[in-house]
Amino acid sequence: MFNAEKVKNECVQWIRDFFEKNGKDCNAVVGISGGKDSSVVAALCVEALGRDRVIGVLMPCGEQHDIDMAKLLVETLGIRHYIVNIQDAVNGVISNIPFELQTQSLTNLPARIRMTTLYAVSQSNNGRVANTCNLSEDWVGYSTRYGDAAGDFSPCSHLTVDEVKQIGRLLGLPAVLVDKVPIDGLCGKTDEDNLGFTYAELDRYIREGVIEDAVKKEKIDRMHERNLFKLQLMPSFEPGLD
């Protein structure tokens, strides 16, 4: 049985310990999308460090239909925040590449530019960048390498979607943020539309090893195996120096 209060308290202490070892006076810099993951990570950082040491960065790409959710979060937490529209940067890269980018490249480019933006804000504000991925997304590779999969510390990467939601409710976040239908923010589809299975099915399979639909099981296993490289250190050649 998942004990949300115990895990939340342990995670808060883990964040404090990380900053004690990796920047006693540093700020946590969190990319704020208005979804549950960035909301919970930001709230955990506020509890661990205090609101004065948490900086939210909202990064629409042109018009973002749900940016009010991101604004609601930073207002609820009372944290300093910046809004950086990345559309010009995205368009600048696309217009200067001398060939037509594939669809997946176009989808992932904004995520990587967002991470570049987070590190620019972080380095200019004595910061450490928070990774906002969860275990369920990481399990099937539903993240962009060097985009939202990057960061300096990761409070929720060992927590499933359901567990993140439980902690969000415990933290007192607005229900509209915790239970908001997750979308990728890039192509406009919901996560579950893109994946072809629900997070409830995936979470149960991860934690209990149970899934009734053989086709979905095969797809999850295939995605997990194919995307393991995203969770591992970059392979590097080690020369023999005998």
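1. The side chain of Asn227 reaches over to Val140, meeting its backbone oxygen at 3.3 Å. That is a polar contact, meaning a pair of N or O atoms within 3.5 Å; within protein, one has to be able to donate a hydrogen and the other to accept it, and residues adjacent in sequence count only if both atoms are side-chain atoms. A polar atom of the Asn227 side chain also lies 2.8 Å from the backbone oxygen of Met223.

2. Before going on, a caveat: this is a predicted model, where local features need pLDDT of at least 70 and side-chain atom pairs count only at pLDDT 80 or more, while totals for chains, interfaces and linings use all residues. Residues are numbered from 1 along each chain as its sequence is written, and side-chain values use heavy atoms, with hydrogens and water left out.

3. Asn227 is in the segment after α11. It counts as buried because its relative accessibility is 9% (buried is under 20% relative accessible area, exposed over 50%, partly exposed in between, with a 1.4 Å probe and protein chains only). Leaving aside neighbours within four places in sequence, Asn227 is in contact with Val140 and Gly141 (contact: heavy atoms within 4.5 Å).

4. Now α11 itself, residues 214–226. Helices here are DSSP runs of H or I with at least four residues, strands are runs of E with at least two, and both are numbered from the N terminus. At the N-terminal end of α11, Asp213 is the cap, with a side-chain oxygen 2.9 Å from the backbone nitrogen of Val215.

5. Which residues of α11 are buried? Ile220, Met223 and His224. They sit on the same side of α11 because they cover an arc of only 100° around the axis (the arc is that of the directions from the helix axis to the C-beta atoms). The buried residues pack against α6, α9 and α10. On the face turned away, you'll find the exposed Ala214, Val215, Glu225 and Arg226.

6. Then the sheet: 4 strands, open, in the order β3-β2-β1-β4, with parallel pairing. Strands pair if DSSP finds at least two bridges between them. The edges are β3 (80–83) and β4 (127–129), each pairing on one side only.

Technical notes:
Expected span 1.5 Å × (residues − 1).
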